[in-house]
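Dear colleague,

I am handing over the structure below, and my notes on it follow. Please read them alongside the sequence.

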Amino acid sequence: MYAIFETGGKQYKVEAGDILRIETIEGKEKSKVKFDKVLAFSDGKKTKVGTPYLEAATVNATITGNGKGDKVIIFKFKNKKDYRKKQGHRQPFTEIEVENFTIDGKTEGKKPAKKAEKPAPKKETAEPKAEETKSEAAKKTETKKETAKKAPAKKTDTDKKEKAEKKPASKKAATAKKDAEKTATKKAPAKAKTETKKDDTKKPAAKKTTTKAAPKKDTAEKKAPAKKPAAKKTETKKEDK
């Protein structure tokens, strides 16, 4: 079932429940509107065509809102005239929702009721979830039982005591050996240090004695040649006389 009507210089083909945008009309949001310029109407069996409009036929709708469309840019240009003009435009519109039609005083094509099937699936989905939760709980209990069966038997207190007695004995022996080695290594370097200190103290004393004795000999040798030239000079003087 559909109808063709005219408004704002345009023609629209609509059905009950359609939402469309038309040229702006007077009216506030959620107010009812009637369009009496109906060009044709069809109920699925018969079609009626007006000349140019059908008498006693209207399209009933409600205004859902007003607004503006997307921006359109208008650019004008003239060659060799230095003329350019750029302009933007947004076409205003009114959005309506078609409810029904009236033909010869009868209302036809009522707005279809909203589907009430949505809440039903929720119940259907809820029931399987409950079944799933039960099955999951059963699975958990089975897994717990299996783990309890597979778990090894707990060790007795006697086994624990025997292991505790064995471990400390071996540890004590190992620790005693390590302590003995550490003490031996500590004493050896101490003696070596004392010997090195004694050697260091003796060596510098010998060097000092040698250095002191050497300069005395040099002075004696230097003084001896100083006397000889004096005697030669005296001899030469006597010969000249």
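Thr 58 counts as buried because its relative accessibility is 19%, where buried means under 20% relative accessible area, exposed over 50% and partly exposed in between, with a 1.4 Å probe and protein chains only. This is a predicted model, in which local features need pLDDT of at least 70 and side-chain atom pairs count only at pLDDT 80 or more, while totals for chains, interfaces and linings use all residues. Residues are numbered from 1 along each chain as its sequence is written, and side-chain values use heavy atoms, with hydrogens and water left out.

Thr 58 is placed in strand β7, strands being DSSP runs of E with at least two residues, numbered from the N terminus. Leaving aside residues up to four places away in sequence, Thr 58 touches Phe 35, Asp 36, Val 38, Phe 101 and Thr 102, a contact being heavy atoms within 4.5 Å.

Strand β5 (residues 38-42) is largely enclosed by the rest of the structure, because 5 of its 5 residues are buried. Strand β1 (residues 2-7) runs antiparallel to β5 and is joined to it by 4 bridges (two strands pair if DSSP finds at least two bridges between them), and Val 38 in β5 is the bridge partner of Phe 5. Strand β6 (residues 47-49) is also antiparallel to β5, with 3 bridges, and Lys 48 in β6 is the bridge partner of Phe 41. The hairpin of β5 and β6 has 4 residues between the strands, and there Gly 44 takes a positive phi near 100 degrees.

With kind regards
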